[in-house]
Amino acid sequence: MLSGRVSRAAWWIMAVAIVAACGAAARGDEPVLTVQVVNDAGDAIEGAEAYLIENTNSMPFSRTWVKTNADGVARFDPASVGAGSRLEVVEQPVSLVVRAGGYAWSMQKITVPRLEPVKVVLNQGRSVELVLGAAEGMEQPRRLRPIVFAEGQSVAAWLTNVQEFNKEYGAEARFSAAIPEGLGGGRYRVAVPADCGRFWVLVNEAGFLRAFQAGPFEAEAMSEPIAIALPRPATLAIRLAPDEQTAHAYTNCATIVYASPEIPDGGWSFAVHVQYSPEQTLEAELTDLSPDFYSVNAMTGDKSTRGDRSRADYFQAQQGMNIAAGERSEANFAMQTYDEETLRAKLKGEHALKVKVSLADGSPAAGRSYALAFALQKFGRTMEVASGTVPESGEFTVNGLPAGSEAFLSLQIDDEDAGYVFIEGDQAETVYEVSVAPAVGDLAPDMELTRLSDGSTFRLSSLRGQVVYVDFWASWCGPCQEPMAHSDSVMSRRADWKDRAVIIGASIDNGIEIIREHVDRRGWTHVVQTFCSEGEAGWSCEAAKRYAVRGVPTCYLIDQTGRITWTGHPSEIDVEKEIDALLGARR
């Protein structure tokens with residue numbers, strides 16, 4: 001579940017699960033997939049390359065490109081998809097990408113393992129010329145080749161080129177949908193499929209310019225060469241050292257620099273630099289970064305322990321930095337370790353926090369337990385400030401709080417997260433209003449939603465008499481995508497549910513056009529796709545407030561009487577089975 005832009009470890013967890021599943025699905029030495037590649041005339045193409053991408057998040061499924069032999073045949077064996085064990089699991093949905101020099105790439109959705117061969121016909125497509133222009137005074141390396149990707153391929157391109165997802169496989173694992181033909185002078189010819197739509201260009205050449213993205217470009221509109229001006233790289237200097245004011249005992253430290261590019265499968269961050277030190281200090285100077293916004297992270301621990309929040313010396317800090325072309329920026333970190341006595345003395349002030357706790361219907365949430373604590377994210381822990389029971393008024397006040405960046409508080413109601421509060425320094429009292437999430441057995445709060453299909457509005461209460469499954473999600477949320485694809489698949493084949501059950505996608509995006517484009521591009525129109533348009537946009541919309549949505553995806557299953565029968569993460573429910581059960585109970 002995502003409560004911010006992205007979970008940086010989510011892609012790795014998914015990749016391990018996917019590879020393990022594929023590794024458990026083959027038998028002996030049988031290929032996972034066989035591909036036959038031919039041209040328009042039906043002639044075999046030798047030396048073509050095939051690659052598999054996981055469908056939902058466009059992550060690498062293959063460990064490397066697999067080349068065709070003289071007969072135009074490429075075989076994916078368990079090793080080529082990273083499988084290290086015998087296969088015993090169900091088929092996995094993937095996208096098959098095939099490329100060859102002088103031909104436009106092909107991408108189609110299939111499942112693996114697959115017994116019958118897949119035939120792929122490559123054609124010359126649309127010829128597009130790219131012209132890369134280095135910054136004044138800089139010489140473009142002859143070895144540089146632009147990386148080209150389209151929708152459904154972006155994460156694979158960034159992971160394998162910038163983050164080096166398959167580093168142990170070297171250049172063989174790096175993804176580019178096209179094989180650019182060098183024409184000299186920074187000019188390249190690329191064959192793009194006639195139906196490609198939009199594509200992007202990525203430049204990642206160590207020592208020259210890394211993590212630079214250009215686009216999107218509309219293939220249909222390309223009658224002239226595409227001129228891409230490469231910026232002068234920026235320099236980022238990083239230094240980690242113990243805080244000089246207090247002695248801090250820790251061993252090992254590390255830094256990770258993340259980029260969060262605007263890609264069509266958004267919500268991802270990619271590590272452009274990772275460095276570990278066995279000492280208490282670390283220094284790095286990156287001189288070839290594309291000018292952009294980066295998140296620079298500093299932490300104690302080594303590769304295996306840096307994420308362990310139970311360590312006494314756990315520490316993690318972050319700086320967001322816009323680094324400019326041709327300029328040098330510095331990120332300096334004073335590394336600390338947890339000292340409760342020092343922190344309690346420091347976290348005192350003259351400010352008051354008034355908390356108003358209500359139920360979904362707006363009445364006071366009297367009798368609910370609460371706990372307020374400083375969210376000491378740097379140290380991976382919380383430090384309690386106050387706790388008790390919400391009075392009949394639904395309000396309680398905590399005094400003596402400080403303002404500023406350290407005054408970051410977490411609130412729990414009935415042992416459930418109820419949000420975070422930041423104390424502003426320009427007012428003596430901060431008021432925080434929070435709604436308790438509706439629970440199983442409660443009547444589902446009413447809300448107004450806007451249909452993406454035609455812009456019309458409706459209220460949830462108008463669906464009374466039907467089983468309703470509501471999925472609060474967003475286009476930028478990586479973990480939201482697979483559940484939504486599954487829900488759309490379910491609705492596409494359950495015509496028997498008409499007027500009896502409905503699945504609603506309730507987007508908390510910041511604009512209706514953002515989510516409409518996202519849904520239309522993926523064809524997820526069997527679900528009733530909506531935008532939470534009542535009130536402010538995003539997390540502050542009225543629907544999110546009434547349902548106390550503090551992370552996505554969050555789902556609610558509502559029966560025909562309008563009462564909630566289940567709530568949680570979509571991975572925790574077989575939604576088709578549960579809807580059928582509710583429908584059967586009413587027959």
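Predicted model: local features only at pLDDT ≥ 70, side-chain atom pairs only at ≥ 80, totals over all residues.
Local features need pLDDT of at least 70 and side-chain atom pairs pLDDT 80 or more, while totals for chains, interfaces and linings use all residues. Residues are numbered from 1 along each chain as its sequence is written, and side-chain values use heavy atoms, without hydrogens and water.

**Exercise 1.** State whether helix α2 is buried or exposed.

Solution. Step 1: take the cut-offs for relative accessible area, with buried under 20%, exposed over 50% and partly exposed in between (1.4 Å probe, protein chains only). Step 2: locate α2 at residues 154–161; a helix here is a DSSP run of H or I with at least four residues, numbered from the N terminus. Step 3: list its buried residues, which are S154, V155, A156, A157, W158, L159, T160 and N161. Step 4: eight of the eight residues are buried, so α2 is largely enclosed by the rest of the structure.

**Exercise 2.** Describe the salt bridge between E513 and R516.

Solution. Step 1: apply the criterion, a side-chain nitrogen of Lys or Arg within 4 Å of a carboxyl oxygen of Asp or Glu. Step 2: the closest N and O atoms of E513 and R516 are 2.4 Å apart. Step 3: both residues lie in helix α5 (residues 512–522), three residues apart, about one turn of the helix. Step 4: E513 is partly exposed because its relative accessibility is 49%, whereas R516, at 19%, counts as buried.

Terms used
Helix = DSSP H or I, 4+ residues; strand = E, 2+ residues; numbered from the N terminus.
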